[in-house]
Amino acid sequence: MDNTSTQKEKKQQTSCYHCGEPCEGDGLRHEGKDFCCTGCRTVYDVLSENDLCDYYDLADAPGNTQKNQSTRNNRFDYLEDKDVSGKLVDFQDDEQTHVTFYVPMVHCASCIWLLENLNRLHEGIISSRVDFLKKKVQVKFQQDLISLRDTVALMARIGYEPRINLSDLDVRIKPKTDRKLIYKLAVAGFCFGNMMFFSLPEYFSEAELLEQGFKELFQYLNVLLSLPVFFYAATDYYQSAWLALKNRTVNMDVPIAIGIVTLFAYSLFEIFLMGQEGYLDTLGGLLFFLLLGRWYQQKTFDTLSFDRDYTAYFPIAVTRLKRDQEEVIPLMKVQVGDIIRVRNEELVPADSILLDQEAAIDYSFVTGEEVPVGHRKGALIYAGGRQKGPAINLAVQKSPSQGYLTDLWNHEAFSKNEQKDSLASLANRISGKFTFTILLIACSALLYWSMHDLSMGIKAFTAVLIITCPCALAMSTPFTLGNIMRIFGKSGFYLKNSEVIENLAEVNTLVFDKTGTLTSPANAKIRYEGEKLSDETQRVLKALVSYSVHPLSNRINRWLGQVALADLDALEEIPGKGLRAVYKSQKIALGSASFLGLQPDDKMSSRGNKVYFFVEGVHLGTFFIDSGFRNGMGKMVQELKNNFSVHLLSGDLDHERQFLEKELGDEICMHFQQSPSDKLTHIQGLQHSGKQVLMVGDGLNDAGALRVSQVGIAVSDNISHFSPASDAILDGERLSQLPQFLDYAKAGRKVIKSSFALSFTYNAVGIFFAVQGLVSPVLCAILMPASSISVVLFTTMATNFLAYRRGLNHKTPDTWK
């Protein structure tokens, strides 16, 4: 009986290895550890499989400590307040919630893996995505299974507590200096300076003037000063190298870490066993200059990353209502409380309250579901939804986030196949092989010199490892492409990511849409012929064209001016063809001849379009709209024809062919009466014949063609034409500079290849002197970051100079600011 009682008591005292809670009943035994449930065992397996069990070393009983602490102090209970959570949530519907956290603890590949696998820690997490540069984590979860509070608590329990500051939600976060790096740099500098002081007699060959006791004292003081350098200042290199080796890879910190350990160990050997001076002062200088170079690289990259953040001048404009008058303003000028108008197919730019009776919002860019969601007056409409139906009025509730719109732009639904042979991937492949080569050369130098002079062998070995770092090689591509993106942005050309630059350099076929792309609303002329338009008829027309964002609708809308909208029923748009609705039981239609069943008119203008107005099947009038080509289109096409195959696709009849051939040249392949699906098929046909296609459209009816092409550019005229299917957005006023943009993209590839050559030349020269023992490790530590600095200076100066020669250093017009 006593034995049985003791066993029961022992079971009751058994704690879960993961969470620290008592294991009730028999519990679960796994790998010699006790778990209270399968959930804790699953979390342990996830951490164990990825060598992340250091989590359990955070305290003597980490699971118990963190779990109970979270329960005791209720630190995250404030997230259950709807007002607070409303400020944090990016999107929420009946099934899921999206939220973006700032997590400063993200610092390595293991952090990224664990945070992007939160769904394995809790079934309520749908997905999570890490932006490593900005240290942000976007989490999507099912609020029925896990709350916002519990999501934050889950992240905190695994060591990645989000930094939540409600006052900073609308403030753009600038890169912050890594304080730990500063501390390590300060320690290395302090120790290096003092070690040099204690080694001065050695430098001036005056050691024999010192008594043996003082000589040994100075050596031992150097040993003491080397300890914080070796065990603290160099820890980043050890951790990075160890992580790479655990993942069976070799990064650029592996040879540096080997060099540091070798130099330290050999110095101790010489001091304590050989009675020599060692190289501890060299070690201090090595770490000081390495950390100084790392600090400079970090500052430079942070500055570049912040400077190239094109969301600051992203060309998304909004229609704001002021005293019942419409005005188009940049998104950054929208304030909480403003009344904005969103038309059919336009994107909701900010979280807003619906002021109209109803709305149908398509959240496919946010959730992937294409079924429109119905909303009633007073409902909260989230940013990123696309209006389906008549124009709606909204009251802005949260400041617009252009960064959030950029996330939508980069949605996986619109991602294209990555370039397998990109320069970025080439640099990564070369860097890995380069490191193995350096290790082989360093070991060979050590072996050779060890047969003659072991001290010289250690010096050569360490010098080769330090001076031949592939940092410059790895940095050349991102710095060059980042600077090109920045220059493109200043010129009104906004790219989704740096891969677009490499794709631009590869295209050999250009396809242009006509209406809204080569033509401009500002240059168009419009006249009306037919029955006189009464005030009521004008209100009906205004309501029709206000529904659409098609270029022809926009021109008629402008022509009508400030007219009140009539109440229409069954309003519908047939893309690329026309509009129809019901007004007071009468059928209203506005559109092309083919849409309305008319035969082509022999007297049609050769320089524009006709839009027909029908009521109950009766033709009441016609709008004559001249094409209004953008300035410089003829010259632009002439330049492009010299290097590219140029195609023109238009949804209009071919009555403009003669005029277009005169304006643009007869070498262009022109195709008329092209529906959106016809344009997509045409692009695919070109691709099947081996062409690398660049599609330039207005982003409305060309979404399919923009998406399938190698590069899709949406042309925007200071209106809210936001097309996630595109790879770039181009200010309409800068379309004439397209030849310069394409030429500059090709020049960028040459800059990258030149920087590769510069890096290889530097490393070849460095190896030549290092294997001979002609350079000290300290000098190598100075030269290594100098190579990175030279690459940054070269790529920056080269790309700026090439942009200046092509006239691309001008800022975008004030209307976009």
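In this predicted model, T319 finds its bridge partner in V328 of strand β8. That pair belongs to the join between β7 (residues 317–322) and β8, two antiparallel strands linked by 6 bridges. Both strands take part in an open, antiparallel sheet of 6 strands, ordered β8-β7-β9-β15-β10-β13. The edges of the sheet are taken by β8 (325–330) and β13 (380–381); each has a single partner strand, so one side of each is left without a neighbour in the sheet. As a reminder, strands of a sheet pair through backbone hydrogen bonds, either parallel or antiparallel.

Turning to the helices, α20 (residues 535–547) and α21 (residues 551–560) pack with their axes 9 Å apart and at an angle of about 145°. Their crossing is left-handed. On the α20 side, the contact is made by Q538, L541, K542, V545 and S546, and these residues meet S553, I556, N557 and L560 of α21.

Within α10, the buried residues are T235, Y237, A241 and A244.

Finally, the cysteines deserve a brief look. The structure holds 0 disulfides, a disulfide being a covalent bond between the sulfur atoms of two cysteines. C191 has a relative accessibility of 3% and therefore counts as buried, the cut-off for that class being under 20%. C669, by contrast, counts as partly exposed because its relative accessibility is 34%, a value that falls between the 20% and 50% limits.

Conventions. Residues are numbered from 1 along each chain as its sequence is written. This is a predicted model: local features need pLDDT of at least 70, side-chain atom pairs count only at pLDDT 80 or more; totals for chains, interfaces and linings use all residues. Side-chain values use heavy atoms; hydrogens and water are left out. Buried means under 20% relative accessible area, exposed over 50%, partly exposed in between (1.4 Å probe, protein chains only). Helices (H or I, at least four residues) and strands (E, at least two) are DSSP runs, numbered from the N terminus. Two strands pair if DSSP finds at least two bridges between them. A disulfide is a pair of cysteine sulfur atoms within 2.5 Å. Axes are lines fitted to C-alpha atoms, for helices over the stretch in contact, and angles run from 0 to 180 degrees between N-to-C directions. A crossing is left-handed if the near helix is turned anticlockwise from the far one by less than a right angle, and right-handed if clockwise. Contact means heavy atoms within 4.5 Å.
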